[in-house]
Amino acid sequence: MPSNLVIITEKPDASRRVSEALAEGKSLKKVTDENNVSYYEFKRNGKKHIVVCAVGHLFNLDPVSKGKGWTYPIFDADWKPSFEVRKDAEFSKKYFDVVKKMITNGSEYIVATDFDTEGSVIGFNVLRFLADVQDGRRMKFSTLTKDELIESYQNMSKHLDFPQIEAGLTRHMLDWLWGINLTRALTLALKSKGGKGFAILSSGRVQSPTLGMLAEHELEIRKFKSTPFWQLELHVKIGDEDVIAAYEKDKIWKKEEADKILKGSKGKDAVVNDIKKRQYKQTPPSPFNTTDLQAEAYAQFKFSPKQTLSIAESLYQAGYISYPRSSSQKLPQSVGYEKILKALGKLSQYQKFVNAILKKGKIVPAEGKREDPAHPSVYATHEIPDIKKLNPQQKKLYDLIARRTLAAFGDEALRESNTVTLDVNGNEFVVVGKRTIEAGWTSIYENYMSIDELILPEIKIGQTLKASKLEILSKETQPPPRYSQGSIVKEMEKRNLGTRATRAEILQTLYNRKYIVGKSIQVTKLGEAVVKALKENAPRILSEELTGFFEQEMELIFNGKKKREEVVKEAKKTLREILEEFKSNEKKI
């Protein structure tokens, strides 16, 4: 048997970068087969290494007994090659064939897929189904930089990361059980009533509670009744500045009261009654985690969460940023602060910020509370890009991540508020001036923030100011805003719906199924009908609590406190009860 060492990676770029980092001398050789699929060979420590790429999941769950047509419940599944299970995975066959062929040429195996539950399942499935082994060594890294890949190789684990594998296998099984059964149940309910126009009505363990949450929000907006209110604005001259002062009450709920204040104040000058100055500090932001990055990229560039992850993934594969799927807001010292800063300083747009940070002496980043046992936050690495070679979307996202990384090392900003109270014939109006005393980190991140500046000239208490205009504004209260594609991922995180890696995909599925539309998310008639039918006849399908319960169960598996078989058995029991309830109400649904 050949004594080759086979390394399994997850994407073609990762395969190339791992090979380039680990190859000794001029031993690196790229081999491309007739289907244009490449793998790499090189020598290290006198041993031949082969690096193959799995392009994501080469195996997926498939029903054990397909039978004739769709039925439910169905609880038994086997892992099969993805190209046999799903039409959209047919492209993976050529990669499958190369991995299978190279695996047979190996005697030792290293899994170097992404270090998360998905990556761990991908690597484990390749080993158990193609190499017929249940264990191997594991490389763990958060960037695809040469230094970290070499360190990861030198310090790799002797065994696979089974807690992640077990949690990942459980998630796959639960998502498959919910997805296939609830989708079949919904679709068959429609078909039984002669429904036309929709081939499939999908449902899922996280998808349905998310849709339910959005539908509930839609109902809040629809039920909202506007209440009128009035505001008063006084235009005064302070030095050479025309300034607007607002009446002390933000909202006046009675028109008569607003009219009375207007009548009593119109044509009168304003006397400075009080001046209060207050200095306050703005602390630097923590580095991005996945959710924060998705929300900010939507706010700045209108990138959807899925688009943001796709662009971030391309930057990660190129070695320019760290792994983009992380819950962490931490930046440990082990990432090499000075090395990153000095590298970023070579890019002209960041040079002055880096120089200022390096002069501080002790370099400590701001950090948030959230942690991730697998990865640090999303940050710019010491391998910097040739900016000209990035596409427009990559340029935007890289600059956002790089500036956020630098801002975390910046000084606190010092700001001053200047609250001036004006008396107009016994009625109080307020104007608030704001100015920056020390810009600190905001000078680095100013492209991506709105800094409210109103510098008021020096005035004294008792001074009279000329009022040029007093106007009454008629307004009404507004319904709660619809979720945007940025705010919805934050809300899903808050409610423990999905994971950092799956939320973007769940949202995209809701769009694809025509359950929701628009960047300002609106639930469609179809989405509303599905939620209404489920709420009235099988409400547990929409339960956030149930979804959260199984998220906690998977966390227990990850921490070694529960067995996968135990949780899957529990899930099947719960799902059986839900499906029985669903079937008994099928005609109503």
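Q: Contact means heavy atoms within 4.5 Å. Among contacts in the protein between residues at least 6 apart in sequence, what percentage join residues at least 24 apart?

A: That share is 74%. Before we go on, this is a predicted model, in which local features need pLDDT of at least 70 and side-chain atom pairs count only at pLDDT 80 or more, while totals for chains, interfaces and linings use all residues. Residues are numbered from 1 along each chain as its sequence is written, and side-chain values use heavy atoms, with hydrogens and water left out.

Q: What makes Asp 161 and Arg 138 a salt bridge?

A: A salt bridge needs a side-chain nitrogen of Lys or Arg within 4 Å of a carboxyl oxygen of Asp or Glu. Here the closest N and O atoms are 3.0 Å apart, so the pair qualifies. The two partners are 23 residues apart and link distant parts of the chain: Asp 161 is in the loop between helix H5 (146–154) and helix H6 (162–192), and Arg 138 is in strand E8 (residues 137–138). Both Asp 161 and Arg 138 are buried. The structure holds 46 salt bridges.

Q: Why is Lys 276 called exposed?

A: Exposed means over 50% relative accessible area, buried under 20%, and partly exposed in between (1.4 Å probe, protein chains only). Lys 276 has 56%, so Lys 276 is exposed. Its salt-bridge partner is Asp 274, with the closest N and O atoms 3.8 Å apart. Asp 274 has 26% relative accessibility, so Asp 274 counts as partly exposed. In the whole protein, 53% of the 589 residues count as buried.

Q: Where does Asp 274 stand, and what is opposite?

A: Asp 274 stands opposite Thr 421 in E12. Helices (H or I, at least four residues) and strands (E, at least two) are DSSP runs, numbered from the N terminus, and the protein has 19 helices and 17 of these strands.

Q: How do you know that strand E11 and strand E12 pair?

A: Two strands pair if DSSP finds at least two bridges between them. Strand E11 (residues 270–282) and strand E12 (residues 413–424) have eleven bridges, so they pair, and in the antiparallel sense. They belong to an open sheet of seven strands, in the order E14-E11-E12-E13-E10-E9-E15.

Q: What makes strand E14 and strand E15 edge strands?

A: Strand E14 (464–465) and strand E15 (467–476) each pair on one side only.

Q: Why are Arg 403 and Asp 399 separated by about one helical turn?

A: They are four residues apart in helix H13 (residues 392–408), which means about one helical turn between them.
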